[in-house]
Amino acid sequence: DRRIKIAPSILSADFADFGREIRAIEEQGADWVHVDVMDGHFVPNLTFGPPAVKAFRPHVSTVMDVHLMIAPVDPYIDAFAEAGADIITAHVEAGPHIHRTLQAIRATGARAGVALNPGTPAEAVAHVLDLVDLVCVMTVNPGFGGQSFLDMTGKIRALRTMIGDRPVHIEVDGGVTPETAPLVARAGADALVAGSAVFKGGSVAKAGVYGENIRAI
Ligand code: DX5
Ligand code: ZN
């Protein structure tokens, strides 16, 4: 029973063939499917909205982990929940009322996550740890796949202590590779997002590569 969850980010998948890409990573060992939602405002890039997430849903048989890099976020929570997100993660920096946002996510029945940008201290989530199932520590400035890892191991350790015995995952997102994964796992992370490290060298046609890449992490 593997403790650490691997969550490939389909931001690095073939955008013309999401259904097959999702099935390939799940067949080859993905625990969760990570979906990066970007609005061109909170982050300088655009990706998918609720209709795309709804279209992914029938292809996901594990857990659809939806990372919202959007501001404002509250007006879209119900739509992402209805689209079938299992985990909905909002950024603590995306609005003034993270407590309200997390309550709204929980009210949909989805699991709730809170994400922290690299410049945001662990203490920013100290008072919402009873409202979350997951804290996502960004190890790149969000917006793009394929960036290099920023060392946030001190923040991960601080969060592990703050979380104590609550059943809360610490997810790490950005620049996760076979080299950086052991560092964050040792610091206390138990869910690892990996985009370029999983899909690199891959294509749906030779999806066996994804399994090798997942196992290497
Ligand atoms: C970054 C996204 C990440 C990204 C990770 O803004 O939140 O999930 O896809 O990609 P890699 O693993 O390539 O850094
Ligand atoms: Zn992400």
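Visitor: What makes the eight strands an open sheet, and in what order do they lie?
Guide: The order is 1-8-7-6-5-4-3-2, with parallel pairing. Strand 1 and strand 2 are the edge strands, each pairing on one side only. Neighbouring strands are turned by 25° against each other on average, direction ignored. The axes are lines fitted to C-alpha atoms, and angles run from 0 to 180 degrees between N-to-C directions. This is a predicted model: local features need pLDDT of at least 70, side-chain atom pairs count only at pLDDT 80 or more, and totals for chains, interfaces and linings use all residues. Residues are numbered from 1 along each chain as its sequence is written, while chains are lettered from A and ligands numbered from 1 in the order in which they are written.

Visitor: How do you know that strand 1 and strand 8 pair?
Guide: Two strands pair if DSSP finds at least two bridges between them. Strand 1 and strand 8 have four bridges, so they pair, in the parallel sense. Ala7 has Val193 of strand 8 as its bridge partner. Strand 7 and strand 8 run parallel too, joined by three bridges. There, Val172 has Leu192 as its bridge partner.

Visitor: What counts as a strand or a helix here?
Guide: Both are DSSP runs, numbered from the N terminus: helices (H or I) need at least four residues, strands (E) at least two. Ala52, for one, is found in helix 2, residues 50-56.

Visitor: Why is Ala52 called partly exposed?
Guide: Count the other C-beta atoms, placed from the backbone, within 10 Å: 20 or more means buried, 12 or fewer exposed, in between partly exposed. Ala52 has 15, so it is partly exposed.

Visitor: Which residues of strand 1 are buried?
Guide: Lys5 and Ala7 are buried on one side, Ile6 and Pro8 on the other. Both faces of the strand, residues 5-8, are covered.

Visitor: Why do the buried residues of helix 5 line one face?
Guide: Lys155, Ile156 and Leu159 are buried in helix 5, residues 153-163. Seen down the axis, they fall within an arc of 100°, so they line one face. The arc is that of the directions from the helix axis to the C-beta atoms. The face turned away from the buried side carries the exposed residues Gly154 and Thr161.

Visitor: What do the buried residues of helix 5 pack against?
Guide: They pack against strand 6, strand 7 and helix 6. Contact requires C-beta atoms, placed from the backbone, within 7 Å.

Conventions: Contact = placed C-beta atoms within 7 Å.
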